[in-house]
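Dear colleague,

Please find below the structure that I am handing over to you.

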Amino acid sequence: MLATHRQSVFDSPAHRMPAFMAGKSIAVNTEERVYRLVAVSLPAGHGESERAVLALHRYAPLVEYLAQRMSDHEHPIRTTDELEGDAVRLAQRHGLSLDQVRRMLPRDARQSNSLLRPFVLRAVRGERIQVHVTNRTHLPLQVALLDDDFGIQQTTEPRMLAPDEIGLYSWQCKETGIFPIFNQACASSMPHRCLLGVLMIEP
């Protein structure tokens with residue numbers, strides 16, 4: 001259940017749920033910008049609950065790799081040779097560029113990493129975007145957009161994504177601005193632990 005001080009955010013009139021459809025087969029309009037994302041769980045830290053992060057679908061294996069390393073509190077740091085071996089295995093197994101994987105893997109899993117920050121979706125004013133989300137966490141996920149009641153055209157349908165379920169969110173971007181995207185099913189009392197990303201609408 002959400003903490004009491006979070007309820008005031010999610011119950012406010014400015015909070016809206018995006019248009020949502022779930023299913024294995026989703027028709028895509030090629031005129032729309034499409035994001036294919038996955039939600040992955042990061043382990044709990046000291047005094048903190050685990051949290052979900054969004055990543056591009058092709059980088060999900062890297063996020064899961066980092067989450068596994070973060071769970072190993074006794075060996076969070078890799079030697080140069082160990083990190084090279086990890087990069088080679090990940091690149092070969094998942095069809096990724098080895099050079100790119102090398103750049104994205106930190107020696108210390110506790111370091112700040114771009115893969116683990118809130119995800120930034122970009123759109124142009126007047127554009128419609130589709131966001132495909134696969135819930136790769138073991139908990140329900142509820143994507144919710146804080147839209148200030150003017151920037152995004154959407155409908156209300158409070159659906160949750162079960163583990164391994166795929167959802168499609170469709171947003172019409174009417175005005176410029178930065179709009180936070182939250183996991184409304186997040187149980188943490190700390191808002192930053194529930195932030196999945198932001199939608200940045202440019203002129």
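Strand β7 (residues 143-146) and strand β10 (residues 177-183) pair in the antiparallel sense over three bridges, where pairing requires that DSSP finds at least two bridges between two strands. Within this pairing, F182 of β10 is the bridge partner of A144. From β7, V143 and L145 point one way, whereas A144 and L146 point the other way, and all are buried; buried means under 20% relative accessible area, exposed over 50% and partly exposed in between, with a 1.4 Å probe and protein chains only. In a regular strand the side chains alternate between the two faces of the sheet.

Please note that this is a predicted model, in which local features need pLDDT of at least 70 and side-chain atom pairs count only at pLDDT 80 or more, while totals for chains, interfaces and linings use all residues. Residues are numbered from 1 along each chain as its sequence is written, and side-chain values use heavy atoms, with hydrogens and water left out.

The protein chain has five helices and eleven strands; these are DSSP runs, numbered from the N terminus, with helices (H or I) of at least four residues and strands (E) of at least two. Of the 203 residues in the protein chain, 46% are buried.

Helix α2 (residues 60-71) has twelve residues and reaches 17 Å from its first C-alpha to its last, close to the 16 Å expected at 1.5 Å a residue. That expected span is 1.5 Å times one less than the number of residues. The buried residues of α2 include L62, Y65 and R69, and their cover includes β3 (33-42), β4 (51-56), α3 and α4 (98-104).

L62 is also among the residues with the most contacts inside the largest nonpolar core, which has 47 residues. Such a core is a set of buried Ala, Val, Leu, Ile, Met, Phe, Trp, Tyr and Cys residues joined through side-chain atoms within 4.5 Å. Not counting residues up to four places away in sequence, L62 touches L90, L96, V101, M104, L105 and L115, a contact being heavy atoms within 4.5 Å.

In helix α3 (residues 80-94) lies D86, which is buried with a relative accessible area of 9%. D86 touches Y65 and R78, again leaving aside residues up to four places away in sequence.

Finally, C186 and C194 form a disulfide with their sulfur atoms 2.2 Å apart, the cut-off for such a pair being within 2.5 Å. The link of C186 and C194 is left-handed, with -65° about the S-S bond.

Yours sincerely
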